[in-house]
Amino acid sequence: MWNRIKLFLLNNGTLLFTILIFVVGYFICGRIYPAMQKPQVFFNLFINNASLLLLAIGMTFVVISNGIDLSVASMLALTTVASAALLKANVNPYVIMPLMLVMGISFGAFQGFIIQRLKVEAFVVTLMGSFFCRGMAYIISLTSVTITDPVYKSLGLQKVLIPGFGKTYVYLYSVVAIIVFLAAIYIAKYTRFGRTMYAIGNNEQSARLMGLPVERTRILVYAFSGFCSSLGGIAFSLALLSGYGQYAPTMEMDAIASVVMGGTLLTGGVGNVIGTLFGVLINGTIVSVLQFNGTLSSWWTRIGVGVLTLLFIGIQMLFQLGGKKKAS
Amino acid sequence: MKKSNLFDKFRHSRLFWPLMALTILLIFDAFYAPSFFKIGVLNGHLYGNLIDVLNDGAPLAIVAIGMTLVIATGGVDLSVGAVIAISAAMGAVLINPALGNQLITNDILTADRTNTPLGLIVLADIAAGTLCGLWNGLLVSRVRIQPMVATLILMVAGRGIAQLITNGQIMTIYYTPYFWFGNGFILGLPVSIYIVALVFVIAWLLVRKTSIGLFIESVGINSRSTHYSGISEKNVKLFAYTFCGFCGSIAGLILSSYVHSCDANNIGLAYELDAILSVVIGGTLMAGGRFSMASSILGAMIIWTFTLTMYTIGIPANTLLAAKAVLVMVVILLYSDQVRGLINRLGTKKGGSNVESN
């Protein structure tokens, strides 16, 4: 029995540690700023970080399959601008949203194709993709475009009450993010696609030798990331009711940091989506603490995220060392 | 198509592809923006777009030299932009006495004088950047964190640190001698070009005249076998990252001197990306191994030639990003073995007719 618990701890150690840090951190913050104990403040994390969560979910998949996608934040910005511009041209909003998703998916798949077929570094391809998307966003509009469409407005302000918490609410797009999150857990754990993804991340060659569809899976992973980023873009444009090429300037880095904090190894093959959620929540908690404090300047967010990332990497390495000792 | 021996040799040289790209760009300029080649003399200084390419591209070229070494060891340094900001912030703070929260009148701030001697400022700049590089190097070589994550930490935190140094202010510099690095002229040419040359010579002497270059390539090709052949692969990596930090600090010095200010949020923004692009355009593989610093400098020049060309023909700065992305993607695809194989196959079939690369 004890051995079993030990094994479970070793396998899920980083994840448990992330959750622990979040809970303890949030508890301490709650003691310092009593307002943070309100359930609404907690659920605000989901409202404020819905887009980041969506991007981070896509990023988790990419990172697990031993890649990286730097184009997510730019794709988000491009989606906001494109949808705002299309709305201005009086296109039906229910046409625009699927269109945006198709754009994200096809762009992601295209990147995946170049990475997989033409054997160019994922880092370079997605970096170029990021430049390309931002540039396209600026080509569409150099300035911020406001959204006045009633459908977008009502969707963006649609509150969903949390059962059991009285008046506490989240917005509709947070619910969408949560649904994608649950779907991602299912996909990663229980589908053939998800398991292939882990296999590729661990060792591409052996995955290929096992007869797994490496090429298709990798392209699909990038397509999924593109889907998540354009969905994040829709959520973002619903939240802010405008589109602008400069939105989310470094969100890809926030997403990567959240993924790392969630216990996913950047070398691929190890990690899960649940950890990513807590990575995002930790990120959001730091930001809300700064807001509650009011005197701390915004740069402490960056330093805080950097230090935490370092901390989590240290913990991961400890667990890895522990696992190796166990194996030998 | 005549293929002399010399041409063949040149074609397989590292400089061939970057030079080709640069030539194509310049030919494009010759047709669409003939004014690009105009070089005039004003107050004894040369000026013109080509000089601008050299001057504006200088910080990038310096960063690219450091980045080449890091990439050659099989790593990558994402923190150079943050290092630039830290080093620039260091310089700006030492000049302006705006430390802490004490009340300082506008007269003191805008006076053309400095709080610290210039030599000390430069030293502090370089020390700050080199320290950042050392930190990266320690994380990568001693703690064994993957390079991308290790430098990501400083990339995220670095700008925060720079803002901490400047207390969140955009610091304007009014001290004239400091401007010399970015705006001065020696023999009619901008000082920054000489600084690039100096850094390049230092790097070249270090790398090619000692065995360090060989060690770096060997670490990039196979770090474990390097370790087993008795080379301290840790110290080689430590050196590469530290040197990259050093290069970043010099770029920060030039940039802050060029714009007469330090905005910790925006100075050197996306330089890490441009530096990586320069290296990739220069033909050094991201996987590590053989490298060429000269072709990385050429890569930086290509990026700036392209940028200034786009400005010249009147494309808005922001939309430039998309064009840049397409350019670099084409260049990188030309480098990829798959596409090259395709071109070679088509070339032998059709006897070297022009081939579209996708």
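**How the helices and chains of this model are described**

Colleague: Why are H3(A) and H11(A) called roughly antiparallel to each other?

Modeller: In this predicted model, local features need pLDDT of at least 70, side-chain atom pairs count only at pLDDT 80 or more, and totals for chains, interfaces and linings use all residues. Residues are numbered from 1 along each chain as its sequence is written, while chains are lettered from A and ligands numbered from 1 in the order in which they are written. The axes of helix H3 (residues 50-64) and helix H11 (residues 214-240) of chain A come within 8 Å and cross at roughly 175°; angles over 145 degrees count as roughly antiparallel, and H3(A) and H11(A) are therefore described in that way.

Colleague: What makes up the contact of H3(A) with H11(A), by class?

Modeller: Its residues divide into 14 nonpolar, five polar and no charged, where Ala, Val, Leu, Ile, Met, Phe, Trp, Tyr, Cys and Pro count as nonpolar, Asp, Glu, Lys and Arg as charged, and the others, Gly among them, as polar.

Colleague: Why is H6(A) called mostly covered?

Modeller: A residue is buried if 20 or more other C-beta atoms, placed from the backbone, lie within 10 Å of its own, and because 17 of the 19 residues of H6(A) are buried, the helix is mostly covered.

Colleague: Which helix gives the largest share of the side of chain B that touches chain A?

Modeller: The contact takes 36 residues from chain B and 34 residues from chain A, and H7(B) gives the largest share of the chain B side, twelve residues.

How values were computed
Axes fitted to C-alpha atoms, helices over the stretch in contact; angles between N-to-C directions. Helix = DSSP H or I, 4+ residues; strand = E, 2+ residues; numbered from the N terminus. Parallel < 35°, antiparallel > 145°, perpendicular 65-115°, else oblique. Contact = placed C-beta atoms within 7 Å. Buried ≥ 20, exposed ≤ 12 C-beta atoms within 10 Å, placed from the backbone.
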